[in-house]
Amino acid sequence: MNSFPAEEYSLPFFKEAGFIRKLCPKCRQYFWTQNPDQETCGEARPEGCASYTFINNSPTRKSYTLCEMREAFLSFFEKREHTRIKPYPVVARWRSDIYLTHASIIDFQPYVTEGITPPPANPLVIAQPCIRMVDIANTGPTFGKYMTIFEMGGHHAFNYPDKEVYWKDQTLRYHHEFVTEHLGIKSEEVTYKEEVWSGGGNAGPCVESIIRGLEVATLVFMQYKVINDEFVKLPIRTVDTGYGIDRYAWLSQGVPSAFHTIYGKLLDEIFEMAGISKIDKDLLAKVAKFSGLVSLDKTVSRLEARNKIAEIIGVRADKLDRFLLPIENVFAVADHTKCLSFILSEGVVPSNIQEGYLARLLFRRIFRLLKVLGIPDRLYDITNRQIKMWSEDYPHLNEMQNEIMEMLKIEEEKFQETINRGKALVR
């Protein structure tokens with residue numbers, strides 16, 4: 001099923017708040033807006049529907065750090081009778097079909113969503129560290145729209161046949177109240193885009209929230225189990241929301257990248273280690289506004305994406321590539337070292353199988369990036385800084401610091417052995 005009937009999205013909230021339904025001529029998807037003159041869905045994406053307009057121009061009442069935004073989200077829903085629960089591990093050992101936790105709903109599939117076991121609370125709210133290795137190529141070039149590790153805020157409600165908690169309309173009202181009344185974003189700045197969501201064996205209609213070009217939340221109404229590509233109704237209807245805590249914080253700061261928002265001084269330190277100074281901030285901001293148009297995959301190379309942005313901002317593609325490549329490599333190093341620290345802190349040993357393979361892949365990518373930047377010897381310094389930075393919120397990182405550093409040392413030795421064997425074969 002590629003779409004759901006229009007009535008699945010026609011909610012009382014939209015009618016009461018004066019939203020109208022329109023079709024985006026660029027991406028051919030329906031969206032809801034309070035602005036009758038809005039022509040496209042407003043999302044910065046490769047089809048060119050829009051660009052980011054929050055860079056140096058934040059729509060929120062104040063600026064938030066990542067930690068402050070996390071707490072703002074959690075406390076908002078706590079005050080609305082959601083029970084705050086602790087995040088689950090990033091290594092999804094309770095699942096047989098995946099290795100890493102890539103969304104907050106993963107914590108509850110399939111046991112809670114299929115009624116096998118009761119949820120830890122209902123409704124509940126959680127801030128879940130998530131890892132998505134599928135986004136590794138776009139970590140850096142998209143300036144933070146995609147990362148390998150990020151925090152997903154989820155408020156979840158499990159609607160049993162005999163117990164209705166809340167469903168679509170209330171979910172939209174909660175979100176709109178959070179962004180408008182709590183964060184101070186003008187209501188007319190918020191666009192809701194219709195989508196179909198499928199993941200972890202479940203599916204349902206969903207609505208994406210877009211603010212100044214940036215998709216900041218996905219509100220999923222999970223009500224089907226996917227069996228042989230068919231949607232079969234579940235007895236439990238699950239409110240599955242994903243708020244991009246990192247993206248909301250980025251939106252509130254209006255800085256060029258989410259990496260600036262998340263890592264702050266640590267990012268500056270890595271730039272300094274790599275000898276990258278005197279960055280043209282005006283040029284970086286120009287690129288940032290159109291970074292949402294970038295999406296690297298097997299059909300789109302880095303240079304093709306570079307040509308696209310260079311043409312838009314009026315600079316030579318080769319000049320832009322020389323300017324951006326080291327910056328994007330630093331972005332990726334910051335993201336990947338945090339990601340690897342979280343994986344190793346849960347006892348994963350780099351190997352050639354399962355989650356160990358993903359840890360090894362990540363390590364080798366980090367090491368290659370550091371070599372390109374000319375600072376392969378700074379891996380341990382950067383990782384120690386990451387552990388110190390995140391241990392206040394995730395104390396197990398500090399508890400596992402020695403083990404993390406030892407695993408990095410062993411993996412570096414193995415990687416160097418592999419390189420040496422390759423050189424010997426060439427000779």
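Biologist: How many residues has the largest nonpolar core?

Modeller: This is a predicted model, in which local features need pLDDT of at least 70 and side-chain atom pairs count only at pLDDT 80 or more, while totals for chains, interfaces and linings use all residues. Residues are numbered from 1 along each chain as its sequence is written, and side-chain values use heavy atoms, with hydrogens and water left out. A nonpolar core is a set of buried Ala, Val, Leu, Ile, Met, Phe, Trp, Tyr and Cys residues joined through side-chain atoms within 4.5 Å, where buried means under 20% relative accessible area, exposed over 50% and partly exposed in between (1.4 Å probe, protein chains only). L172, F178, Y192, Y248 and Y263 have the most contacts inside the largest such core, which has 137 residues.

Biologist: Which helix gives the most to this core?

Modeller: Helices (H or I, at least four residues) and strands (E, at least two) are DSSP runs, numbered from the N terminus. The largest contribution, 14 residues, comes from residues 317-344, which form helix α9.

Biologist: Which residues does Y248 contact beyond its neighbours within four places in sequence?

Modeller: Contact means heavy atoms within 4.5 Å. With those neighbours set aside, the partners of Y248 are M69, H175, F178, V179, L183, V216, A217 and Y243.

Biologist: Why does the length of helix α2 agree with expectation?

Modeller: The expected span is 1.5 Å times one less than the number of residues. Helix α2 (residues 66-78) has 13 residues and should therefore span 18 Å; the distance between its end C-alpha atoms is likewise 18 Å.

Biologist: Why is the ring pair of F73 and F178 edge-to-face?

Modeller: Rings of Phe, Tyr and Trp (its six-membered ring) pair if their centres lie within 6.5 Å; planes under 30 degrees apart count as stacked, over 60 as edge-to-face and the rest as tilted. The whole structure holds 36 aromatic pairs. For F73 and F178 the centres are 6.1 Å apart, and the pair is edge-to-face because the planes stand at 90 degrees.

Biologist: Which helices does this pair link?

Modeller: Both F73 and F178 are buried. They are 105 residues apart and join distant parts of the chain, F73 belonging to helix α2 and F178 to helix α3 (residues 168-182).

Biologist: What is the angle between the planes of F367 and F415?

Modeller: F367 is buried, at 5% relative accessible area, and F415 is buried at 6%. Their rings, 5.8 Å centre to centre, form an edge-to-face pair with an angle of 80 degrees.

Biologist: Where does the charged end of R247 sit?

Modeller: A charge sits over a ring if NZ of Lys or CZ of Arg is within 6 Å of the ring centre and within 35 degrees of the ring normal. At 5.9 Å from the ring centre, the charged end of R247 sits over Y146.

Biologist: Which strands stand at the edges of the sheet?

Modeller: Two strands pair if DSSP finds at least two bridges between them. Nine strands form an open sheet with mixed pairing, in the order β1-β2-β6-β7-β8-β9-β5-β4-β3. Each edge strand has a single partner, so one side is left without a neighbour in the sheet; these strands are β1 (20-23) and β3 (83-84).

Biologist: Which residue in β9 is the bridge partner of G153?

Modeller: Strands β5 (residues 149-159) and β9 (residues 230-244) run antiparallel and are joined by six bridges. The partner of G153 in β9 is Y243.
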